Each structure stands twice: as C-alpha cells, then as structure tokens.
Amino acid sequence: TSRRPALPPALAALVMRCLAKDAELRPQTAVELLRALDDLSLNATNRREDRPSVAVLPMVNTAGDAENAHFSDGLTDELIGALSKVRELSVCGRTSVFALKGKGLDIRTIAHTLHVAHVLEGSVRRSGERLKVRLQLVDVDGNVLWAEGYDRTFTDVFDVQEDIAQAVVRALKIHLASSRGPLVQPPTKDLVAYELFLKGRAMRRRFTPPDLRRAIAYFEQAIARDPHYATAKAWLSDAHVLLTVLEGNPTSQQVWESRRLALEAVADDGDVADAHWALGQWHMCFERNWAAVDRELQHALALNPDHVDARHMLGLSLLHQGRLDEAELQLNQTLATDPLLAEARGTLSRLFLSAGQYELAISHATEAIELNPGQVVVLAARGHALLQAHRYDEGVAEFRALAGLPWSGDRERAQLVYALACAGRTAEGRELFHGINDLTSESAAAYHVAMAYVGLGDADQAFAWLRRAHISLDPWISALKIDPAFAPLRGDARFGPM
C-alpha cells in the first residue's frame, strides 16, 4: 500500500519543512509561513469537486502539412500555459492530452480519462501570414458552452491566444480581478524566433538524445534572433541538462552553459515560470543545493500553480533528499494534473523502489512504460525493482534490452554488469565489464560504473568512482542517498561525505 502521513498530506509537507534540519529549507519569516498556510487553504478550495476543470485538446492542423504541425501543437501548449495561471481553474497537463491525440475518442470518454468536466477542442490553419482558428468549449455531456472563430494575421498570434483564454474563463464563469493583467505575455517580439522556439520545444518533447540535439539547435537560433528570450533560454538550459542525464556524460561546457542560460532567463524575465523551473533543475542535478532547488521550484509554482514540470521536479528533489512522504504528495499532485505523464509515474516507481516496496515499484514502472515505451530512465527503474525483488532473470533481461538501444553507452552496460552480478553471474559480468570503453575518464558514466563495482563486491573501486562522479558533476549522483543499489556501502564511513 502507499505510504501515508498521519496528517493531511499538504499540511504534513509544511510541518516537515518547518522541522527540516537544514535551516535554509524552513520558512524564514512568520510572513512566509502565513503565506504557506494561505496557499494550503487556497489549494484546498481549488481542489474541491466544484472547481472548474478543462482539458485543451491538441489543435487539429487543417493545413495538413508537417511543417505547420509544430505551430498547431504549440498553440495547444500556449493555451494550456495561459489557462494554468488561473488558480480558480484546474487544467489538464499537456502530456495527457497529447497522449489521446488521434485516438478518435468521444468527449465523454476523454473527459473521464483526463478527470475533467470540460474540453476545449479546435483547429488551426496557417497559410502564409493568414491564421484561422476555430474553437469550441464542450462539457462532459457534449453541450457547447462557447464557440468562436478567429481570422487574423500571424502577427496577432499572441492577441488571439489572450482572446481565447479570456473567453474560456468567461464561459466557465470565473471572475478575474482587473489587477491580474493579461494571461498571455508575449515571450518575444520576434515571430521568427517564436517559431524557432516552437520547433525546438517539439523536438525536446521527444526525449531522445538525437532529438534533444535538434532542439538545442532551434533554441540557439531563436536566442540568436532575440538575445533576451527568457523562455527559449530556459528550455535550452533544460535540453542541455536532459542530454547529460540521458547520456550520463556531462562536459564542463554543458554544465556551466546550462547554468548560465537558466540564470540569464531569470534575469531577463523573473515572471517566467519556466526560468525558475530550469534553474531549480540545474541546482538539483549539478549542485545538490536543496534549499535553492526548493526556492526556485516553489517560485515557478507560485507563478503557475499547474506547472507540471516544476511540480514533478519538486517531487523528484524531495525523493532524492529522502523526504518520501512529501515527494509522494507532489508526485500525486502532478499526476492529478497530468494523469498520463509517464515521467511522474516513473518517479513514483523510483519512490517505492527506495521505500522497499518493490512490487508496487514494478507496477508503476510498467504503467509508465505502457504510456511511453521510450522512457529509458523508467526502464532502468523497473530493472532495479526486479533485481531488488529477486526476479533476477527478468531484471537482467531488462538491462540487456536497455544496453541494446541505439544510443546506449557505458551507463547502460555498467548497469547490465550490476544486474548480472546481482543474479550471481559474476564471471559474465566481469567479462562484459572489460569491454566498457574509456574507464580512465573521469566523466564516463562514473556513477553507474561505481554501481557496477558495488555489484562485483569491490567497495574501494566503487568509492573511487563515486568520487569521480562527484568531481565530474554526474547528475545521477543526486540520487545516491536513496538508490538501493548502493545500500551495501552505507555502513562504510566513506559513504557519509558522498
């Protein structure tokens, strides 16, 4: 069964924050504590069943060409982002709505699957500088609450987004104070830069190393046109970080470039939630500065309460700190907003893995893989859960499949060595280990090479490689404290400084 705090989860999380050993993690003033309590009250109000909820379905690209697909998908993303700023409204996350794209489901089924009462659907056609958008807001019974068409020029794209967002809010009878300002803030005045950003974000969403490199190229072109494009800098920082996580081979240039970009994004526009999300992610992966992680991600969520990536990252950060109850709260909130988000389901699997609930970890990982078969991090999590559950043959098969992926490298092979050793096939593991390349490099998947040495029973080499992981800023070392693979080292005095 799931771990549960005795207090209501949100209140328990605040209490645990107040009692944190690290003083920087606690509320620093009485005013900050009162604001946190106010947020608890507001969130409780906003989570009631009568809180309006909506899913923005992927816009249909009626132009039919692949070149404009990034724009129709981008419009969907922008509307989700704009509506997510409205605290009185619950907005389904983008991963879940895109998971249903092209499935031909009826409105009632979509609403039931996504746990919403309303669906916004429509089409977009761009022809040269002309832009045609058709939309309707439908309730769960198929009643059309609002419908509108917009025939504008592409230069009006941000005005169209604002008009749509405001119309949806009015149709749902939500009153916004005039002091709130617009829901859509144009991120750039350069529309070519904006299109380049949309293409980059579409590539980044595919979550593979080759696509991340293409995303980086698009983001760099967008920033070259607008050097103060905060959102593009945030996503470029994120792409660099993800590439190091997936490849397990960070270079100093990547690490410090991602930091520079995130800091510049915050400096260029501190009201962009993505900028604080990107900076919080960098602090977690490369610095393990948990107070800074919490500060930046909470800032992102204050700006956009339904920022799925920031909430998921907060859950991951809390997990890496061993604060499992708080992490579970954030991950469950993430999945309440975006129920088909495979990454969050995978992180929940890692949480149960670290808690020793291996069958539950396997179940969540399997569900995540069904949602997105390409999630290599989740495949690894399921492999480790299988090993911890003593289902060794299945665990070895999982890591063998991982090692056979087109972009696999030393990290995946090192985990296969670990799996073979866990299964008692030590000689086979050692033979494979000799074939791993570049073991003298301080940046060659150091964390997972250390894991392989743990499996082979060589604690001295394991600690040597953990030190290399620390020096080379291997992002995976942030999980060291809760990773069950390293449990055999925890009684060693050398483990503390890690």
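Select F197. This is a predicted model, and in it F197 has a relative accessibility of 1%. The cut-off for buried is under 20%, so F197 counts as buried.

Now show both rings. A pair of aromatic rings is described by the distance of the centres and the angle of the planes. How far apart are the centres of F197 and F219, and what is the angle between the planes? The centres are 5.7 Å apart and the planes 35° apart. That makes the pair tilted.

Colour the helices next. F197 belongs to helix α7, residues 191-204. F219 belongs to helix α8, residues 209-225.

Move to F433 and Y453. Their pair is edge-to-face, with 4.9 Å between centres and 75° between planes. F433 sits in helix α20 (residues 426-433) and Y453 in helix α21 (residues 446-455). This pair links distant parts of the chain, 20 residues apart. Both F433 and Y453 are buried.

Two arginines come next. Select R94 with F98: R94 lies over the ring face, 3.8 Å from the ring centre. Then select R259 with W282. Here the charged end of R259 sits over the W282 ring, 5.7 Å from its centre.

To finish, select every aromatic residue. How many aromatic pairs does a search of the whole structure find? The search finds 10.

Conventions:
Residues numbered from 1 in each chain as written. Predicted model: local features only at pLDDT ≥ 70, side-chain atom pairs only at ≥ 80, totals over all residues. Heavy atoms only, no water. Phe/Tyr/Trp six-rings, centres within 6.5 Å; stacked < 30°, edge-to-face > 60°. Helix = DSSP H or I, 4+ residues; strand = E, 2+ residues; numbered from the N terminus. Buried < 20%, exposed > 50% of the residue type's maximum accessible area, 1.4 Å probe, protein only. Lys NZ or Arg CZ within 6 Å of the ring centre and 35° of its normal.
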